[in-house]
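Visitor: Hi! Could you walk me through this one?
Guide: Happy to, here it is.

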Amino acid sequence: MNAMSPTAFVIDPAQYDLVAGIVRASGSSFYWGMRLLDRQRRYAMYAVYAFCREVDDIADEPGEPEVKRAQLAEWRVELDRLYAGAPTHAIAKALHGPVIQYNLPKEDFLAVIAGCESDAQPEVTGLSMAELELYCDRVACAVGRLSVRVFGSLRPKSIETANATGMALQLTNILRDVVVDAKIGRLYLPDELLAKHGIASRDPMAVINHPNLVAVCRELGETARGYFQASDAAQAECSRADMRPATLMKEMYREIFKRLEAEGFVPRDPPVKVSKAFKLWCILRHGLL
């Protein structure tokens, strides 16, 4: 597909309502970051998020693994149709204009699908650190790489910002949801850290009851902190205006990270959340000022 001018694609009202409705219904904090964008870029982000929500739901909702794999495989075929200019799925149709206008790479959408395929397995355990990093790249960094293209013109550090931010946010997610994930057979803590701290079992429920679990989480927390710092450093060389949505999203997650840290990274259920009051303050501080 050839690049088009910034005002090239026309937003179909029905498609806008579809993808905007998906984002609003998700209850995601990312919605508020998207609201900072002008209508065309906002629509593009809604469409990207709707795609991510669609494939993520395939992985997370109850169902047989083979059925999930087939549904995700069909999305690979749909991406082929989208990039050939003939999408058939409603969300893919909504993505058509944004993909062309913002030159969104097909490989990043494929990466998201690959990450969801990992989550579609009956159990997720036994990840090495390298495998965890690849998983985070697929489900978070790839979304960031798509997003920064929509936010504004790419700068030398735009992709680096997306990658570091994606890692920081996804590791924060993992640390926040250790207990919740364990209850559905998922363990994202890397083998190297489990072994280092004397945890031999890879059964998620056994791991969350091990006395050394907190030490594992604290060390992974240090890794997440490093990615937050790397994100800040790279983003400092990008357009502040263009990165406002990224800043808002990151600061909401940074607050979750700070609360995890304040609790000593002790996993719990229900997981740590930020208040509506903090979200409103964050929107005012990083979105409007």
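Guide: Let's start at Asp60, which is partly exposed with a relative accessible area of 38%. Here buried means under 20% relative accessible area, exposed means over 50%, and partly exposed lies in between (1.4 Å probe, protein chains only). This is a predicted model, in which local features need pLDDT of at least 70 and side-chain atom pairs count only at pLDDT 80 or more, while totals for chains, interfaces and linings use all residues. Residues are numbered from 1 along each chain as its sequence is written, and side-chain values use heavy atoms, with hydrogens and water left out.

Visitor: Thanks. Which side chain meets Asp60 in a salt bridge?
Guide: That's Arg186, at 2.9 Å from N to O. A salt bridge is a side-chain nitrogen of Lys or Arg within 4 Å of a carboxyl oxygen of Asp or Glu.

Visitor: And how many salt bridges does the count come to by this rule?
Guide: The count is 22. Helices are DSSP runs (H or I, at least four residues), as strands are (E, at least two), numbered from the N terminus.

Visitor: So what about Arg186, buried or exposed?
Guide: Arg186 is buried, with a relative accessible area of 11%.

Visitor: Zooming out, how is the chain divided?
Guide: There is domain 1, covering 12–104, and domain 2, covering 123–288. The bounds come from an automatic or database domain assignment. The C-alpha centres of domain 1 and domain 2 are 22 Å apart. Domain 1 puts 17 residues into the contact and domain 2 puts in 19, where contact means heavy atoms within 4.5 Å.

Visitor: What area is buried between domain 1 and domain 2?
Guide: About 1,600 Å², and carbon and sulfur atoms give 75% of that. On the domain 1 side, Phe30, Leu36 and Met45 lose the most area to domain 2, together 34% of what that side buries. Buried area is the accessible area (1.4 Å probe) that two parts lose on being put together, summed over both.

Visitor: Changing topic: which residue is joined to Asp269 by a cis peptide bond?
Guide: Pro270, with omega at about 10°. Pro270 is in the loop between α13 (244–262) and α14 (276–288). Most residues other than glycine have a negative phi, and most peptide bonds are trans.

Visitor: Then what is the phi of Phe265?
Guide: Phe265 has a positive phi of about 60°, although it is not a glycine. Phe265 is in the loop between α13 and α14, and at 7% relative accessibility counts as buried. Asn103 has a positive phi too, about 55°. Asn103 is in the loop between α5 (90–101) and α6 (106–119) and is partly exposed at 48%.

Visitor: Back to charges. What does Arg225 meet in a salt bridge?
Guide: Glu261, at 2.5 Å from N to O. This pair also links distant parts of the chain: Arg225 sits in helix α12 (residues 213–235) and Glu261 in helix α13, 36 residues apart. Separately, salt bridges that share partners join Asp232, Lys250, Glu251 and Arg254 into one network.
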